[in-house]
Amino acid sequence: MPIKKQAKLRGLVTSLAAATLFFNGAAVHAACDYTVTNAWPNGFTAIITVTNDTASTVNGWQVAWEYAGADRLTNSWNASLSGNNPYSASSLSWNGNLAPGSHAEFGMQGTGNAEIPDVTGDLCSTSGSSTSSSSSSSSSSSSSSSSSSSSSNSSSSSSSSSTSSSSSSSSSNSSTSSSSSSSSSSSSSSSSSSSSSSSSSTSTSGGGDWLHVDGNSIVDKNGRAVWLTGANWFGFNATERVFHGLWSAHQETFMQDIVDHGINILRVPISTELIYEWMNGVYKPVNVNTWANPELDGLNSLQIFDRTLELADQMGLKVMLDVHSALADNSGHVAPLWYNGTITEAIFYETWEWIAARYKNDDTLIAFDLENEPHGKAHAETAAARWDNSNHPNNWKRVAEEAANRILAINPNVLILVEGVEVYPRDSVNWESNDEHDYYGTWWGGNLRGVKDYPLNVSGNQIVYSPHDYGPSVWDQDWFYAGFDRYTLLSDVWYDNWFYLHDQNIAPLLIGEWGGHMDGDRNQHWMTELRDFMVDHKIHHTFWCINPNSGDTGGLIGYDWATWDQAKYSLFEKSLWKLGGQFVGLSQDTPLGNNGISVNQFYQKGGIEPRGN
């Protein structure tokens, strides 16, 4: 079957005539479609969709194609790729089993002029030929970036489980056991095909709310600065595999309360293990009180997450997904690296690619925090995250680059947050030193000194660096001496570890976690100093946390999951984006909550750009 194509560069439009085949007098649609999803001068991204149009289940598939011109691939995702023109791709363990009528989709990035080749294979031959439906153009350059993040929440029945040393520590917030404080009902362990398909993408928004980086600011599609001021709500990262609090709170009412209190972005911790389960169609029971949440009756964890995005879109709220731990474990964040046990580095990449593909059209989910708090002390621990240009398995810089580039090849518009590590070698010292005095130490994920020496090799304008910072109630660090304030903190720890990135206009900062107990003393003083510093410089941030069950920090909500801690909220509220008495959201047109305004309304009312200074 001949394939027709048209191409225009700079606003390249590549289209294929949809081919209809006739077999025994019946129309059969081609089972292998090649679609260009993004194109720019000398580069492109594309997807191949493999559809089972037979009457029997397919167990594994393989396709092949060859470019007639100079097009060549640089990377791919969601399939096992081999060859160098011609290419072949085969299914992975989680997407090879196709029931009749179902499909799998995999993607690729390449150099060249975005040709559309014929796709062949046994399944393609079954339906007659390969065809491709259309695709189209993109911005003139490819955007890629890197990021990582996580939050330290541990949900256990014990008291605070913070682990730290005098030189560095984690914000290992322990949360009280939900099983003892909830009346739960299990959600369905099966899901609709739309929930389990990696190619199904929830699309609730019009696509105009994506954000990009401009120096040390984050800007909207019109180049106007915005300010991300939000908070964390954990639970998807833990054994419950769903937001904590749904054992008593009504989800929609609770989310409405969040936006009406001015939070414009919700950081949602999750585990790689849970995403991997979703990829493979595995849905374990979730801890939800369906009497309080009748709308969630029968929904699995992925369906509840999708419903969260739908509600957020209606409320003008944006969402950031944070891989908080490799394992779905209430103390999973204590493990220092992005791989752990059966969760490998390869699975880490695959799960991020799956998320990127599934939600690539949903601008409610605007940011990915790649990995929460990579840490470990190189002088004392084998499993310690490092930052350099090596191929070391624990080199976080290498892994963050790879993950960011893979994600941005699929969705060049999503913000990528990259956290730091725990320690970094002093001048003239390498990572092999066993002397703790040879390293600069700080909070888990808070050390971004390495970016100066080894910047991320990620193209585009989507990278945001995301350190975490805590006060003496989490660990009484050396810099919390008598008389400390924002100026001593800036000199002792903030500037060299992360603020230089903002001050030198290298990249924006988003403090992914900050918060703590209202002790009326040193910890509250630290919170006030950091808050005022972030407000003065318009540093983006997400407070730790909304949940009451964080042992190291407490939360904005009481254990009834309804009553706000007014003293803590009053401190936090001064760090939110406002114009007059109205909170400002991140949607172009949808106001934030019942009494807030949108980005367009902010500028129509004469709002001043919240750019970093």
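In what order do the three strands of the open sheet with antiparallel pairing stand? The order is β18-β19-β20. The model is predicted. Its protein chain averages a pLDDT of 84, and 81% of the residues score at least 70. The chain holds 12 helices and 32 strands.

**Confidence**

- Residues 1-29 have a pLDDT below 50. The model still gives this stretch 59 contacts beyond near neighbours in sequence.
- Residues 126-206 also stay under 50 in pLDDT. Here the model has 340 contacts beyond four places in sequence.
- Where pLDDT is low, the predicted coordinates should not be read in detail.

**Overall make-up**

- The protein chain has 613 residues, and 61% of them count as buried.
- Take the contacts between residues at least 6 apart in sequence: 76% of these join residues at least 24 apart.

- β18 (212-214) and β20 (225-226) are the edge strands. Each has a single partner strand, so one side of each lacks a neighbour in the sheet.
- β19 covers residues 217-219. Two bridges join β19 to β20, in the antiparallel sense.
- Ile218 stands opposite Val226 of β20.

**Helix α3**

- α3 runs over residues 251-260. Its buried residues are Gln251, Phe254, Met255, Ile258 and Val259.
- Gly262 follows α3, with a positive phi near 95 degrees.

**Aromatic pairs**

- The structure holds 38 aromatic pairs.
- In one of them, Trp564 and Tyr569 have ring centres 5.5 Å apart. Their planes stand at 75 degrees, so the pair is edge-to-face.
- Both partners are buried: Trp564 has a relative accessible area of 7%, and Tyr569 has 10%.
- Ring pairs also link a cluster made of Trp233, Phe236, Phe243, Trp247, Phe254, Trp278, Phe305, Tyr359 and Trp561.
- Phe254 of this cluster is one of the buried residues of α3.

**Arginines over Tyr440**

- Which residues place a charge over the ring of Tyr440? Arg426 lies over the face of Tyr440, at 4.2 Å from the ring centre.
- Arg449 has its charged end over the ring of Tyr440 as well, 3.7 Å from the centre.

**Arg386**

- Where is Arg386 found? Arg386 is in the loop between β24 (365-369) and α7 (396-410).
- Is Arg386 buried or exposed? Its relative accessibility is 10%; buried means under 20%, so Arg386 counts as buried.
- Setting aside residues up to four places away in sequence, Arg386 touches His392, Asn394, Asn395, Trp396, Lys397, Val421, Trp431 and Glu432.

Notes: Residues are numbered from 1 along each chain as its sequence is written. This is a predicted model: local features need pLDDT of at least 70, side-chain atom pairs count only at pLDDT 80 or more; totals for chains, interfaces and linings use all residues. Side-chain values use heavy atoms; hydrogens and water are left out. Buried means under 20% relative accessible area, exposed over 50%, partly exposed in between (1.4 Å probe, protein chains only). Helices (H or I, at least four residues) and strands (E, at least two) are DSSP runs, numbered from the N terminus. Contact means heavy atoms within 4.5 Å. Two strands pair if DSSP finds at least two bridges between them. Rings of Phe, Tyr and Trp (its six-membered ring) pair if their centres lie within 6.5 Å; planes under 30 degrees apart count as stacked, over 60 as edge-to-face and the rest as tilted. A charge sits over a ring if NZ of Lys or CZ of Arg is within 6 Å of the ring centre and within 35 degrees of the ring normal. pLDDT is the predictor's confidence in each residue, from 0 to 100.
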